[in-house]
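Here are my notes from a first pass through this one, in the order I'd click through it. Have the viewer open alongside.

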Amino acid sequence: MQLLCLTVGDDSYAIPSRRVVEVVPLPTARPLPDAPAAVRGLFVHRGRLTPLIDLARLLGTAPLRDRLSTRVIVVEPAGGRVERPLRVGVAAEGVLGLCDDTAAEDRMPPVTGLAAPCLGECLRIEGRTIQCLDVDRLLPPDVWRALAAVSTGPNDTRPSAADGRRA
Amino acid sequence: MQTAPSEQPLPPPHAAGRSIAKRLLFWFLAIALVPCAVLTATAARIASSALERSVRERLSQIAASKADEIDAWLAEKLVDARVLAADPGLAQAVPELAATAGSAASGAKTSVAASTYAGFLRQAADRFGLAQLLVIDPAGRVVFAAAPGIAIGSSMLDGSRVPTALAAGFDRARALEPPSIGRFEDVGQGGQPIASACCPILDEGRLVGVLAIGITPDRIWKSLSDLRGLGTSGEIVTGELQGETVLVTAPLRHEPEAPFRRRLPLGSTRGSGTQRAASGEQGDGPAIDYRGQSVLAAWQPLPRLGWGLCVKQDASEAYAPLRTQRDALLGLSLATILGVTLAALALARSFSRPIRTAMDVARRVAGGDLRPDGSAAAERAGDDETGSLLVAIRTMTDNLRSLIGRIQQSSVALISTATAMQATSTEQQQVIADYGASTSEAVAAVKEISVTSQELLRTMTEVNDMAAHTGLMATDGRSSLANMDATMRQLAESTSSFGAKLSLISEHAATINLAVTTITKVADQTNLLSINAAIEAEKAGEYGAGFLVVAREIRRLADQTAVASLDIEQMVKEMQHSVASGVMEMDKFAGQVQSSVREIAGISTKLGEIISAVHGINDRFGQVTEGMRAQSQGAAQIREAMIRLSEGATRTASSLDAFNTATNHLRAAVGDLKEEVSRFTI
């Protein structure tokens, strides 16, 4: 399986490349007032309003440094409709490239309960420790739902979004 | 103190008199002769020019009258010819004569009318004094000839047997032109040359023949041989211009065979008057005749004959009155000189005699004889200036006599005075010797002063030189500083231009920075693209494997580009930094240069002050030196004065010696004087 390696701070993370729609430069995001700190706002991707998640905030490290190498990886988590899949932009400080998880020298299964639910297994590839991320569990379920409601189009209702924020 | 009247050089008794006589003679002659000579010369010139003018006028008048006479005679002959030609009988007789001539040629008998008219024509020729009379028919055939020489029947037109002037005259007459005298030419009968004039014979306006008359030059020669008023050497020459020569046409006084034989080449010196006359000129003046003699001549043309007429007289005869006048003037002048000389000699003698008497008296006085005498000479001389001179000499002798008497008395007194003077001067000599010693001491002291002041002066001069040298060095320093100032200014300018160039480099670096940023952005985009491509290739599974490789390669290139651009950016930044620091350094350097320029200006000003101060010192040193020099000179002068004083003392001492000697001499001389005076007989 191919993984897209990215960096936040000094650490490397990976996202399965199958879930990646596209990697784009950091766009201007319209902030969502009162939203969780990890949700940076909304941006337009391929004509669609797409939520933008700040990976640095999400992982609790230092705030995302706005650099030239800063990238937004647009991913498709599960939960969307077939005709209009859910898409979320994940902002990372850099993208290292693709790597094959079969080349991993060592691996550790996900530590459940202790850490954030989005963290998957940990791999050791070419002397680098790479933490795999679970795209479907990047945010708490209620936030995720709310975002999914926003992101999946006009069929969804405004109250459901308000519910998500309230939760 | 010697009296030696006999030794004084006196001129001999006659010298003075002779000298006065000579001078008187010279001045008399000068005063009398110079105006006389000027007057004589002027009068002679005026008279000779008037004489020459009158002679030339006379010659011109003779020439004019001869020309008029000849002209009148020729005109008369032409009238004769016209009268004969106008005779109506002739017009009718011409055909007869022609017929007769024709028949004569063929041996037929002559008609009566023709012979009658021929007789008339011969008579007419004889009466008018014509040498020839021809009647010619219009065809040019001669039908009548009064004299032999031209054959009856000969034609005017064949041009060989008939003279050319006659033929030319016939042509003119046939053209009904008025008659004119032709050239004199030989008609071939051995006689004189003949000139012809042709006149048309008209019958009711029709030309029936031509009458030709021939004249000999005898009448003209006769007129020309009348030489009245021309003296013994005068004559009249006529000539005709023929080509480059002038043919003489009348007998000459010295060459009777000349006419129509003698030729004078044109332009030669001989016969210049005749040449001018033949050339048609009119005038008078000195000329050379055909013999080469110098003559006075008048010339004028004779247009009717084509001749020139020259009346001349030998210069010797023409100018004879001038010579007479000159001789008379010379005689008069000589007589004047003789008279003046005699008068001057007499006058000189009358002056010199009394002077000689006075001289004799003076000589006697010089010889010591003062006895009263000479009154006789004074009375003899009378009461004019020389008499007064003799009286004055007598008075002088009297005065001299009384003077000598008094000198004899005074000389005794003089001897005693001289003795007293000698005693006094001996005392004075002692005093002077003391004075001389003191003066020498003073001289030595002054000499030391002088030496000291001269040394001081030398020292001052050295100091002065050093000051001047300092001033020069300061001046040099100032000029060097000026050069340095200029150099510093150039340096400042170069620095500012260097700063400007550095700014330019900085701008370029900024531009490079922009370019690098662009490259970086492109590399970033490429990176992004490659990642997306890889993701898509991954999604394509097996089919995207090849594309994945490409995407990876692209990504690697993008990374390298990014790294390289980062390097470039870094380098540019460093360069910018260096340039900025360079600019700063340059600014600082420029500031230092400016301050150096200001400092140099200050130093230059101070050096200028030093120079002017040194100059001031120089002047003051100069004044001091001048003072020292003056002092030294003063000392030298004092020394010289002292030396002179000392010398003066010495000289005074020697003078006193001399004075002593002189007093002795005086005494001796007074003794001598007494003896000498006693020699005079009073």
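1. Start with helix α4 of chain B. In this predicted model, the buried residues of α4(B) are B:A165, B:L166, B:A167, B:G169, B:F170 and B:A173. Their cover includes strands β1, β3 and β4 of chain B. The helix, residues 164-174, lies across those strands and runs at about 25° to β3(B).

2. Four strands of chain B make an open sheet in the order β2-β1-β4-β3, and the pairing is antiparallel. The edges are β2 (142-145) and β3 (195-203), each of which pairs on one side only. Ignoring direction, neighbouring strands are turned by 20° against each other on average. Helix α3(B), residues 112-127, lies across β1 and β2 of chain B and runs at about 55° to β2(B).

3. On the α8(B) side the contact uses B:P354, B:I355, B:T357, B:A358, B:V361 and B:V365, while α10(B) brings B:T386, B:L389, B:L390, B:I393, B:T397 and B:L400. By class, that makes nine nonpolar and three polar residues, with no charged ones.

4. Over to chain A, which has an open sheet of five strands in the order β3-β6-β7-β5-β4, with mixed pairing. β3 (20-25) and β4 (39-45) stand at the edges with a single partner strand each, so one side of each has no neighbour in the sheet. The twist from one strand to the next averages 30°. Chain B comes in here too: α10(B) packs on this sheet and touches β3 and β6 (71-75) of chain A, its direction making about 180° with that of β3(A).

5. Strand β5(A) deserves a look of its own. Six of its seven residues are buried, so the strand is largely enclosed by the rest of the structure. With β4(A) it forms a hairpin that has two residues between the strands, and A:R46 in the turn has a positive phi of about 50°. Six bridges join β4(A) to β5(A) (residues 48-54), and these two run antiparallel. In that pairing A:G41 has A:L52 as its bridge partner, and A:F43 stands opposite A:T50. Towards β7(A) (residues 88-92), β5(A) is joined by three bridges and the strands run parallel; there A:L52 is partnered with A:G89.

6. B:T520 lies in helix α10 of chain B. Its relative accessible area is 13%, so B:T520 counts as buried.

7. Chain B has a mean pLDDT of 81, and 93% of its residues reach 70 or more. Confidence in chain B is lowest in helix α9(B) (residues 375-381), at a mean of 53, and highest in strand β9(B) (residues 294-302), at 89. For residues 1-14 of chain B the pLDDT is below 50, and this stretch has 13 contacts in the model beyond near neighbours in sequence. For the complex, the predictor gives an ipTM of 0.79 and a pTM of 0.42.

Conventions: Residues are numbered from 1 along each chain as its sequence is written. Chains are lettered from A and ligands numbered from 1 in the order in which they are written. This is a predicted model: local features need pLDDT of at least 70, side-chain atom pairs count only at pLDDT 80 or more; totals for chains, interfaces and linings use all residues. Side-chain values use heavy atoms; hydrogens and water are left out. Two strands pair if DSSP finds at least two bridges between them. Axes are lines fitted to C-alpha atoms, for helices over the stretch in contact, and angles run from 0 to 180 degrees between N-to-C directions. Contact means heavy atoms within 4.5 Å. Buried means under 20% relative accessible area, exposed over 50%, partly exposed in between (1.4 Å probe, protein chains only). pLDDT is the predictor's confidence in each residue, from 0 to 100. Ala, Val, Leu, Ile, Met, Phe, Trp, Tyr, Cys and Pro count as nonpolar, Asp, Glu, Lys and Arg as charged, and the others, Gly among them, as polar.
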